[in-house]
Amino acid sequence: PNPNSDIPVSQIFSEGNGGESRKSYHGYPRGMAQLVESPRTFFLVPMQIDTWNRNTTFGDPFVPGPESARSAAPKQAEYSGHLECPCTDRIIKTTVQTFST
């Protein structure tokens, strides 16, 4: 690293604020960036979703916990609707977005 540089040698990137379902923006405004001088490593912490139903005992067969009103998981599903991939083709989605630069 350059000792005369104003660019930091370490940085925290925290863009996973959990607001994906509310379409929270996960980017930077035009002309803005987070810089790191000469990065050597990148450490990733994946998002963990806890789906354990607290009304069961550890080791019992899976029982989904409370589901959100928008969950499209079938009743008696063997998985939590919170884990359903947003890319699934089981659910028909229609989105209309316009982008310009």
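This is a predicted model: local features need pLDDT of at least 70, side-chain atom pairs count only at pLDDT 80 or more; totals for chains, interfaces and linings use all residues.
Visitor: What makes Phe42 count as exposed?
Guide: Its relative accessibility is 65%. Exposed means over 50%, so Phe42 counts as exposed.

Visitor: Why is Ile49 called partly exposed?
Guide: The relative accessible area of Ile49 is 41%. Buried would require under 20% and exposed over 50%, so Ile49, at 41%, is partly exposed.

Visitor: What does Ile49 touch, not counting residues up to four places away in sequence?
Guide: Ile49 touches His82 and Leu83. His82 is 33 residues from Ile49 in sequence, and their C-alpha atoms are 7.8 Å apart.

Visitor: What lies 2.4 Å from a polar atom of the Glu37 side chain?
Guide: The backbone nitrogen of Asn2 does. Asn2 is also among the residues in contact with Glu37 once neighbours within four places in sequence are left aside, as are Pro1, Ser5, Ile7, Pro8 and Val9.

Visitor: Which residues form the nonpolar patch on the surface?
Guide: Phe13, Tyr28, Met32, Phe42 and Leu44 form the patch, with about 580 Å² of accessible area together. Patch residues need over 30% relative accessible area; Phe42 has 65% relative accessibility.

Visitor: What about the chain as a whole?
Guide: The chain has zero helices and zero strands. Of its 101 residues, 11% count as buried. The accessible surface comes to about 9,700 Å², and carbon and sulfur atoms account for 56% of that. Among contacts between residues at least 6 apart in sequence, 30% join residues at least 24 apart.

Conventions: Residues are numbered from 1 along each chain as its sequence is written. Side-chain values use heavy atoms; hydrogens and water are left out. A polar contact is a pair of N or O atoms within 3.5 Å; within protein, one must be able to donate a hydrogen and the other to accept it, and residues adjacent in sequence count only if both atoms are side-chain atoms. Contact means heavy atoms within 4.5 Å. Patches are made of residues with over 30% relative accessible area and no salt bridge: like charges are joined within 9 Å, nonpolar side chains (Val, Leu, Ile, Met, Phe, Trp, Tyr) within 5 Å. Accessible areas come from the Shrake-Rupley method with a 1.4 Å probe; for residues, only the protein chains shown count as cover. A salt bridge is a side-chain nitrogen of Lys or Arg within 4 Å of a carboxyl oxygen of Asp or Glu. Buried means under 20% relative accessible area, exposed over 50%, partly exposed in between (1.4 Å probe, protein chains only). Helices (H or I, at least four residues) and strands (E, at least two) are DSSP runs, numbered from the N terminus.
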